[in-house]
Amino acid sequence: MNARRIFKIISGGLVAAATLVEMRSISQSHNDLVAMQSPYQQQRSLFTWTKRLFERFPNLTNVQAESAFPRDNIKPWDWNWDSRQSQPDGGSKAHVIWGDKRGSVKGSGSRHLLFIRHGQYHYADSDKDCHLTQLGREQLNFTGARLKQLNLPYSILYYSTMTRAIESTEEIMRYLPDVPVEPTDGLREGAPFPLEPPLENYRPTEEELDEDGSRIEKAFRNYIHRPSSDQNKDSYEIFVCHANVIRYFVCRALQIPPEAWIRFSLDHGSITWIVVRPSGRVTLRWLGSSGHMPPEKISIS
C-alpha cells in the first residue's frame, strides 16, 4: 500500500471521527437542555436540534431525498373513471359530457356512500346457517344508533342478500325505520380480485374470481359514480354488505391497485364513508370506523 493510499485512509478516519464527535456534542447539549424543559419546550428544542443537525450535515437530507418514492411514478387521476368523461379545468371546475352535450358541471351536490360491514356471525358451510352471534347483534345496534345520531337524510339502504347482512340490516332498521330498503345480490360476499400478496388460508379459484369479480365490479359501477347533473344537494345512501366487497370498492373508488384490497381489514359493524363529488373527485372520509362501539364489543372475525 503506497503512502498516498495510507494518507487518504487516515484523513477519512479523522474526518469521520470529528463528525461523530460534533454530532455527539450537538446531541449531548440537546439532551442536557431538554431535561430542564416542559413538554412544549422539549418539542421546540427537538425541532431546533434537528434543524442544526441538517444545517451542519446537509448530506443527510440528500440521503433522505434519494430514498423517497420517485415523483415521476405518480399516476394521474383518471377523471373518466365512471365513464362520465370529466376533466379538471383550472383545478377547481370540471367539464362533463352528458350524452352528446358538453358543458360545465351544473350540480353542486355530492353523493355520500356509507358502507356497513355486517356483525360477527356463526360460520357454517351453508349461508342460511350463518346467523349473527349475540355479539354481532349488539355490534349492529351500536352501528344503528350511530347512524341515527349522525342525523343524515338517508335516501335508501341497500343490503346484501346473505343471511348475516339481512340480520344486520334488521338491527339497523330499528333505528332508521323510515329509510327505504332494497336487497341486492350484487353486494354478496366473494373474491373480487386476485390477492397480492396471497394468503395461505384463502385461495379463491379462478372460477370464483371470474364469477365473483365480475358481479362485484358490476355492483361497483352501478352504485359508485358521481352525482347526476341536476343534483344540487348532498345525498346519503347506506350499504350493508361485506368486508371483501367494501375493501374492493374503496380501492376502485380511490384508483388504488385493486389487488391491494386484501392489505387492510374492517371491524364488524364498522362504517366506511366514501364521498363522490360532482367533478368526479373521490374522498375517503372514514375507513372501517368502529369507535362508536365499546372496545370489548369490537371484533374482526
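**Reading a predicted protein model**

The protein has seven helices and nine strands, where helices (H or I, at least four residues) and strands (E, at least two) are DSSP runs, numbered from the N terminus. This is a predicted model, in which local features need pLDDT of at least 70 and side-chain atom pairs count only at pLDDT 80 or more, while totals for chains, interfaces and linings use all residues. Residues are numbered from 1 along each chain as its sequence is written, and side-chain values use heavy atoms, with hydrogens and water left out.

Q: Why is Phe115 called buried?
A: Buried means under 20% relative accessible area, exposed over 50%, and partly exposed in between (1.4 Å probe, protein chains only). Phe115 has a relative accessible area of 1%, so Phe115 is buried. Phe239, at 0% relative accessibility, also counts as buried. Buried residues make up 40% of the 301 residues in the protein.

Q: Why is the pair of Trp81 and Phe220 called tilted?
A: The structure holds nine aromatic pairs. Rings of Phe, Tyr and Trp (its six-membered ring) pair if their centres lie within 6.5 Å; planes under 30 degrees apart count as stacked, over 60 as edge-to-face and the rest as tilted. The ring centres of Trp81 and Phe220 are 6.3 Å apart and the planes stand at 45°, so the pair is tilted. Trp81 lies in the loop between α3 (59–67) and β1 (87–89) and Phe220 lies in helix α6, so the pair ties together parts that are 139 residues apart in sequence.

Q: What makes the pair of Phe115 and Phe239 stacked?
A: The centres of Phe115 and Phe239 are 4.6 Å apart, with 20° between the planes, and the pair is stacked. Phe115 belongs to strand β4 and Phe239 to strand β7, so this pair ties together parts that are 124 residues apart in sequence. Ring pairs link Trp81, Phe115, Tyr158, Phe220, Tyr223, Phe239 and Phe249 into a cluster.

Q: How do you know that the charged end of Arg285 sits over the ring of Trp273?
A: A charge sits over a ring if NZ of Lys or CZ of Arg is within 6 Å of the ring centre and within 35 degrees of the ring normal. The charged end of Arg285 is 4.1 Å from the centre of the Trp273 ring and sits over that ring. Arg164 lies over the face of Tyr121, at 4.3 Å from the ring centre.

Q: What makes the link between the side chains of Arg226 and Asp82 a polar contact?
A: A polar contact is a pair of N or O atoms within 3.5 Å; within protein, one must be able to donate a hydrogen and the other to accept it, and residues adjacent in sequence count only if both atoms are side-chain atoms. The side chains of Arg226 and Asp82 are joined by a polar contact of 2.6 Å. Arg226 lies in the loop between α6 and β7 and is buried, with a relative accessible area of 0%.

Q: Why is Asn151 called exposed?
A: Asn151 has a relative accessible area of 67%, so Asn151 is exposed. Asn151 is found in the loop between α4 (134–150) and β5 (154–160).
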